[in-house]
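Colleague: I have a model open and would like to learn how to read it. Can you take me through it feature by feature?

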Amino acid sequence: MQGIEVLFMGNNLLRLLSGLWVTIRISLISIGFSLILGTLLGAVMTSKKPVIKAICRVYLEIVRIMPQLVWLFVVFFGVTKLTGLNLGGETSAVIVFTIWGAAEMGDLVRGAFLSIPRHQFESSLSLGLSKIQMYVFIIFPQAIRGLIPNVINLSTRMIKTTALVSLIGVTEVLKVGKQIIDANRFEYPNAAIWVYAAIFFMYFLICFPLSMAARALTKKHGGE
Amino acid sequence: MKIFKKIAAFFAASALAVTFAGCNNQQESGGNDGSDNSGNAAYKTVDQIKESGEVTIGVFSDKNPFGYVDNTGKYQGYDVYFAERIAQDLGVELKLVPVEAASRVEFLETAKVDIILANFTVTDERAQKVDFALPYMKVALGVVSPDSAIIKEAEELNGKTLIVVKGTTAETFFTENYPDVKLQKYDEYNEAYSALQDGRGDAFSTDNTEVLAWAKSNPGFTVGVETLGSTDAIAPAVTKGNETLLKWLNDEIAALADEQFFHKDYDETLAAVYGDDEAYKENLVVEGGKM
Amino acid sequence: MSEHIIDINGLVKHFGDNAVIDGISLSVSKGEVVVLIGPSGCGKSTLLRCLNGLEPIQGGTVTLHGEPVIHGDKSLYRIRQKIGMVFQSYDLFPHLTVLKNITLSPIKVQKRDKAEVEAKARELLERVGLSDKADSYPSELSGGQKQRVAICRSLIMNPEIMLLDEITAALDPEMVHEVLNVVLDLAKNGTTMMIVTHEMAFAEAVADRIIFMDGGVIVEEGKPSEFFKNPKTERAQRFLKTFTYTK
């Protein structure tokens, strides 16, 4: 158990928790924006117009090819260099993760919509449902069912990727952990394993309710 | 749905625009020869810093004992001690920003910090992009070995096995200057130290600051060679072209020599790790910018 | 047989340069069962799809009780409630139970009382022999059962007319009967229907009038007894021959 006391020294536990809050804040806001913009983007991506299709494709590929780290540099430093606009670290992080999340989300939504057979649309309309009613009662619930596992997957990927934001000066939970390990590296060289265990537990605490919520939602919309 | 599609299309388009702008910008900064200030955001002059009442300094937050955050959440270390003095002598509040090795240059280029004080080694390549002030510390290679067979001269390593970390100055230095030394290479520092402890090599070499600190907390090992190879300067850096701040820092460093400020800094922050030994101190501390 | 439910006047429908329906005029009266037959691709399914505005048309008019059916027009949402349509593919909503499949539209679109609608739905299910399946999901049903539910889903809207588009074409042979029996039962009870089918015996049994289509036009029409015994046109004769197995 050598080194575990480091977790309880000074304000360390509180600092880890506030680091966790930074992680949660950035990822939840980004995920929220990604869900909204990604759904809209997904609707656009199902367009049959070749120009719109091509634009969406290019956007998606560019976002995927460039590592998130490069995106963080481009937005945090690049925007300032280009326009003089000084974006904060967290704002930049949210922008980057939203650009990325919306693209991935859009592709997931597109896939989910295309997987719904045409006769589902036609029989909805034949029953006199309006287009909005058709989407709300028939199309979205079916799309969501296929979408939920993928969205959860994307969300956990986003949460884990937020660790990169320390490069643009934002101190999230993993960075706090590294600071604690480093501050005690001479007196408690074995603290690292305990700090990482604590962080692992904290990540689990966020991701677990997420997957529980996903399951509940799948049940609600899936039925089977 | 039509209006939704329009909004979404707008977002897609604007994201694309940002992307292309970003790529374009990277090319620009890559081609920046450092002779002008065109690629850099507006830095703050000394007067502007004093006017704003705050100086922003980028430091490491996990490089004990140079820049780190202690268990109460307060910044500490050799660099931080100097940063506090800078703020005090400017007569302004100090705002510390945690930086990473990989983003130090960008923080200055975009003027998101006024000064970088993060164990920043002066190199020609970096000097193209930022302006270095006078050095306040120096670093060379060191060699640490077990007490049972202390290596005191680099020549003693001929025919023996030396542990190094890939991509470090030590690797290049021994490859070029001591071809008869067998190198055992590792990716990470902790792997290298484990190898030394397990006796897989006869000695380990990297920056002397690093091996000195490690030997202090690992009884049974001694740094037999404290300075080897060329000595590199560690200095504060400012945004390229920020002449008033550069001059102010140089004057400050020169003036602080009178009170042997960096020796005091060493005693306050490094002595706990490196000890009070005068020889160690002289291996690291630079006073008045004179190497 | 005086009151017209649907009037089709000079209907023209193109897919690209290809005229699938090339000037069709036809009226269906209240209580009448009209069966459309003809070779594959003759335009009979497309004709049904034009009747409730699923397809844009290039010429002519379709009216329901004198009100024009216009593709893409807002009035369609109201008109479609009066036209029940059942497709060839199993088109139940997979995420809803049988009962919810049936009650969704009357509750959400017609704003009818939930209890009344559910009671009605159970009554319809009983009529088609599926009263025990109300809480099942579509994936738990056989193809024939799904089509019977689909019929209930249309009937509960109290449509003026039912359009059945090859509703047994995708079924295994042993299930065809159970579905067709339901349709025969509807016909007996005076439901106005337009049916596209390849089941000739069924067509003869259920129809008040047979319409034989080929190449996007009506080639021949008449009472089933006359049509099947003595088709007047050579094309209808040839078509009917394909259904008789001869050595």
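Colleague: What should I know before I start?

Modeller: This is a predicted model, in which local features need pLDDT of at least 70, side-chain atom pairs count only at pLDDT 80 or more, and totals for chains, interfaces and linings use all residues. Residues are numbered from 1 along each chain as its sequence is written, chains are lettered from A and ligands numbered from 1 in the order in which they are written, and side-chain values use heavy atoms, with hydrogens and water left out.

Colleague: How do I read a sheet? In what order do the three strands of the open sheet in chain B lie?

Modeller: Strands of a sheet pair through backbone hydrogen bonds, either parallel or antiparallel. Strands here are DSSP runs of E, at least two residues; helices are runs of H or I, at least four residues; both are numbered from the N terminus. Two strands count as paired if DSSP finds at least two bridges between them. In chain B the order is β2-β3-β4, with antiparallel pairing.

Colleague: Which residue stands opposite B:Asp62?

Modeller: B:Tyr68, in β3(B). Two bridges join β2(B) to β3 (residues 67-69) of chain B.

Colleague: Which residues does the cis peptide bond in chain B join?

Modeller: It joins B:Asn64 and B:Pro65, with omega at about 5°. B:Pro65 sits in the loop between β2 and β3 of chain B. For a backbone angle in another chain, turn to C:His65. Its phi is near 50°, a positive value in a residue other than glycine. C:His65 is in the loop between β4 (59-64) and β5 (67-68) of chain C.

Colleague: Now domains. What are the bounds in chain B?

Modeller: Domain bounds come from an automatic or database domain assignment. For chain B it gives domain 1 (46-136 + 235-284) and domain 2 (140-231). Their C-alpha centres lie 28 Å apart.

Colleague: How many residues of domain 1 of chain B are in contact with domain 2 of chain B?

Modeller: Contact means heavy atoms within 4.5 Å. Seven residues of domain 1 of chain B are in contact with eight of domain 2 of chain B. Buried area is the accessible area (1.4 Å probe) that two parts lose on being put together, summed over both. Here it is about 740 Å², 66% of it from carbon and sulfur atoms. On the domain 1 side, B:Tyr274, B:Tyr280 and B:Asn283 lose the most area, together 63% of what that side buries.

Colleague: And the polar side of that interface?

Modeller: A polar contact is a pair of N or O atoms within 3.5 Å; within protein, one must be able to donate a hydrogen and the other to accept it, and residues adjacent in sequence count only if both atoms are side-chain atoms. Two residue pairs meet that rule across the domain interface, both at pLDDT 80 or more. On the domain 1 side, α10 (261-274) and α11 (278-284) of chain B each supply at least two residues. The largest share, three residues, comes from α11(B).

Colleague: Which two chains share the most contacts?

Modeller: Chains A and B, of the two pairs of chains in contact. Chain B and chain C do not touch; their nearest C-alpha atoms are 14 Å apart.

Colleague: How many residues of chain C are in contact with chain A?

Modeller: 26 residues of chain C are in contact with 23 residues of chain A. The two chains bury about 2,000 Å² between them, with 60% on carbon and sulfur atoms. C:Tyr77, C:Phe93 and C:His95 supply 28% of the area that chain C buries there, more than any other three residues.

Colleague: Last, salt bridges. Which residue pairs with A:Glu122?

Modeller: Side chains of opposite charge can pair when their charged atoms come close. The rule wants a side-chain nitrogen of Lys or Arg within 4 Å of a carboxyl oxygen of Asp or Glu. A:Glu122 pairs with C:Arg49, the closest N and O atoms being 2.5 Å apart. The count between chain C and chain A is one. Between domain 1 and domain 2 of chain B it is zero. Over all chains the structure holds 38 salt bridges.

Colleague: Where in chain B do B:Lys185 and B:Glu171 lie?

Modeller: Their side chains meet in a salt bridge at 3.1 Å, N to O. B:Lys185 lies in strand β10 (residues 182-186) of chain B and B:Glu171 in helix α6 (residues 169-177) of chain B, so the pair ties together parts 14 residues apart in sequence.
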